[in-house]
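Let's work through a few questions on how two parts of one protein meet. Have a look first.

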Amino acid sequence: MIDLKTLSRTQLIDWTTARGHSAYRGRQIFAWLYRPRITKFAQMTDISKKFRVELEKVARISTLPYTIKETSTDGTMKYGFKLTDGHIIESVLIPEEDRNTLCVSSQVGCAMGCKFCLTGTMGFTRNLDPAEIVGQIISVMEDLEDLGMGSVTNLVFMGMGEPLANFDNLITSLEILLDDLGLSYSSRRTTVSTCGLAPKIIELGERIGVNLAISLHGADDAIRSELMPVNKTYPLKEVIAACIKYPLQKRKRIMFEYILLKGVNDSDEDARKLAKLLRPIPCKINLLPCNEAPELPFQKPSGNRVHAFQKILRDLDYTVFIRTSRGDDISAACGQLANKHT
Ligand code: SF4
């Protein structure tokens with residue numbers, strides 16, 4: 001039985017026409033799924049009874065209600081979702097004055113094995129399908145509406161998993177999210193973050209224009225390969241070349257994320273190497289002092305070290321932010337999603 005929430009508008013129209021119905025019917029069904037967000041075929045009042053009976057027999061409409069919710073002292077909210085096969089995934093909502101940003105998961109676990117990341121220590125279980133990706137967003141949207149907190153305004157694919165390693169499902173879910181009959185998100189408020197799968201970065205740029213963030217964390221291949229095994233397959237030169245080719249939207253820049261690990265990648269020399277490496281790319285840099293965890297062998301650098309690192313980059317004309325960690329008391333900070341509550 002096909003879950004209609006796994007299909008983009010085009011795919012749903014193809015499915016409907018293949019069953020002998022008009023493309024218009026496919027468009028109507030797609031709109032029902034995301035505009036009023038119905039969950040039963042009986043609610044599709046402008047579809048004939050006969051077709052609704054047929055739909056009941058061959059298709060379903062999934063939902064993904066959250067099963068766990070924790071709220072941090074700083075307002076960050078972590079949602080846990082139990083999938084039909086029993087696996088648990090997590091999303092994190094970061095409320096700010098002018099926006100509600102949702103950090104979305106794309107896989108159960110992750111195969112990339114980055115050394116500073118708790119999700120990486122879980123290993124890879126499976127890809128999420130588009131309904132499971134979009135379902136996280138709908139569930140949190142509805143919770144915020146119930147709480148009178150507005151809606152999810154910004155999306156970042158930075159939760160569990162490497163989104164570009166689940167490429168087809170990522171593209172379908174983005175098509176649903178950006179479609180004006182779908183959830184109608186703006187591509188300017190949607191960011192995909194990758195550890196650097198260079199060929200897929202280029203393909204993402206060709207297929208769909210969203211913001212791009214790169215988890216960099218090392219300014220030379222030796223350090224980066226030590227921290228991120230993916231760098232052995234796609235070294236910095238290839239990642240930077242892919243970023244140069246990435247089609248940026250007007251007034252947008254690529255975001256480079258750099259976790260500062262005490263004594264590993266936080267020296268003045270590392271800052272200067274980083275500046276040299278990123279010179280060809282219109283970019284912003286986010287510095288993230290590492291989130292210490294008993295399972296991980298890294299420490300947070302001192303505040304002075306972090307500011308010295310930032311100053312070197314700023315003096316070289318980079319836009320650099322120091323990101324203070326949010327949600328660490330509920331293990332919702334960057335790299336901490338590992339289903340601790342299970
Ligand atoms: S940082 Fe991202 S790509 Fe690396 S292991 Fe963690 S989830 Fe996977």
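Student: Where do domain 1 and domain 2 run?

Tutor: This is a predicted model, where local features need pLDDT of at least 70, side-chain atom pairs count only at pLDDT 80 or more, and totals for chains, interfaces and linings use all residues. Residues are numbered from 1 along each chain as its sequence is written, and side-chain values use heavy atoms, with hydrogens and water left out. The bounds come from an automatic or database domain assignment, and they are 2-60 for domain 1 and 68-330 for domain 2.

Student: How much area is buried between domain 1 and domain 2?

Tutor: Buried area is the accessible area (1.4 Å probe) that two parts lose on being put together, summed over both. Carbon and sulfur atoms give 58% of it here, and the total is about 1,200 Å².

Student: Which residues in domain 1 lose the most area to domain 2?

Tutor: Look for three residues that together make up 44% of what the domain 1 side buries. They are Tyr34, Arg35 and Arg37.

Student: How many salt bridges does the rule find across the interface of domain 1 and domain 2?

Tutor: The rule wants a side-chain nitrogen of Lys or Arg within 4 Å of a carboxyl oxygen of Asp or Glu. Arg9 and Asp180 form a salt bridge, with their closest N and O atoms 3.1 Å apart. Across the interface, the count is four.
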